[in-house]
Amino acid sequence: MPHATGPLLTRDVADALCAARDAGAGIWSGSLDLGRTTTQATLAPTHWRWQDRDFPYPERLKDRSIHYWDGAAFVPASRYGRALYKLVPTSWGPPTFEIDGIKMLPTAKVSPYEDARGKVALVAPRGLRVLDTCGGLGYFAACCLEAGAAEILSFEKSEDVLWLRTLNPWSPDPDAPAHGGRLRLRHGDVVQEIERLPDAGFDAILHDPPRFGIAGELYSQAFYDQLARVLRRGGRLFHYTGMPNRLTSGRDVPREVSRRLEKAGFQARLALDGALAQRR
C-alpha cells in the first residue's frame with residue numbers, strides 16, 4: 001500500500017491553525033506529519049493552503065485522535081473490521097495504535113519509536129538478516145533500517161494495521177528508494193508463514209506479539225521451536241512480553257517465556273520488558 005501524502009491534524013494542531021488565523025497571521029509554522037518535519041501553511045479567512053492545495057478549517061476535532069484528509073473532510077484515522085483499529089497521537093510525535101481501546105505500544109515514559117530503538121539495539125542488527133514477526137506500525141523495522149540491517153522480513157496479520165501504516169509518517173515505506181529494498185513487508189500470519197521460511201535463514205529476530213490473552217499461539221512451544229529453526233546458531237532474539245501484573249493474572253509471563261525459549265534451544269534472560277535470547 002502506498003503511503004498517504006496529505007496533512008495530518010490533531011486537535012491541538014487544528015486549534016493552533018485557527019488561533020493563528022484569528023490573530024491575523026498570514027503564515028502558520030508547525031508540523032502536519034506528527035512532528036516528523038516542520039512546514040508552513042498560508043492562512044486565508046475561509047481556508048488554508050499547503051503544498052498548493054486548499055483545505056477548510058476543521059470543526060473542533062476529537063481528542064486522542066489523528067485526522068487525515070479523505071478528499072472531502074478531515075476524518076479520524078480509525079477503521080472498524082473485526083475490532084476498532086485507531087491511530088492515536090502521543091506527546092512524543094510518533095503515534096501508538098489501539099485495538100478496541102487497548103493501547104498496543106508503550107507511551108507513558110518514552111516515545112514508542114525510542115522504545116523500539118532500544119529493543120532493536122539488543123540484537124545489534126547492522127549487516128544482519130532480521131525477521132520481524134509482528135510488524136505493527138513498523139517501528140522495529142524502521143529502527144533496523146536506521147541501524148543498517150542488511151534485510152528485514154516483516155509480517156503483519158491485520159489488514160487494518162497495514163492501512164494505519166499508510167497514514168503514519170513514522171511507519172517505514174518498503175517502496176521508499178532510500179531503503180534500497182531492504183524491507184520486505186508481507187500481509188500474513190507469521191504462525192503459518194514461518195513454516196515456509198528456510199532453516200537458519202536469519203541472523204536476528206524481533207518478536208513483538210500482542211498480549212498472551214489475545215494471541216496465545218505466538219507464545220507456544222511449537223512457535224518457539226520454529227523461531228529456533230529459522231535463526232542461525234549464535235543469533236539473537238528479543239521477545240516482548242510486557243509486564244503483566246502477577247497478582248491479578250496469576251502468571252509470570254516473562255519467566256514462562258524464558259523457560260519455553262530455553263526448551264526450544266535458546267539461552268534466555270530477562271531484558272527490558274521482555275526476554276533476550278541467543279540461539280545455542
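This is a predicted model: local features need pLDDT of at least 70, side-chain atom pairs count only at pLDDT 80 or more; totals for chains, interfaces and linings use all residues.

In total, it contains 19 salt bridges.

Start with R21 and D22. These two form a salt bridge, and their closest N and O atoms are 3.0 Å apart. D22 is exposed, because its relative accessibility of 59% is over the 50% cut-off. R21 has a relative accessible area of 26%, so R21 is classed as partly exposed.

Next, R232 and D203. Here the N to O distance in the salt bridge is 2.9 Å. D203 belongs to strand β15, residues 202-207, and R232 to strand β16, residues 231-240, so this pair ties together parts that lie 29 residues apart in sequence. As for burial, D203 has a relative accessible area of 9% and is buried, while R232, at 30%, is partly exposed.

E256 and R260 form a salt bridge with an N to O distance of 3.6 Å. Both are in helix α8, which covers residues 253-264, and they are 4 residues apart, so about one helical turn separates them. Is E256 buried or exposed? With 16% relative accessibility, E256 counts as buried, because the cut-off is under 20%. R260 comes out at 21%, which makes R260 partly exposed.

One last item goes beyond pairs.

Terms used:
Residues are numbered from 1 along each chain as its sequence is written. Side-chain values use heavy atoms; hydrogens and water are left out. A salt bridge is a side-chain nitrogen of Lys or Arg within 4 Å of a carboxyl oxygen of Asp or Glu. Buried means under 20% relative accessible area, exposed over 50%, partly exposed in between (1.4 Å probe, protein chains only). Helices (H or I, at least four residues) and strands (E, at least two) are DSSP runs, numbered from the N terminus.
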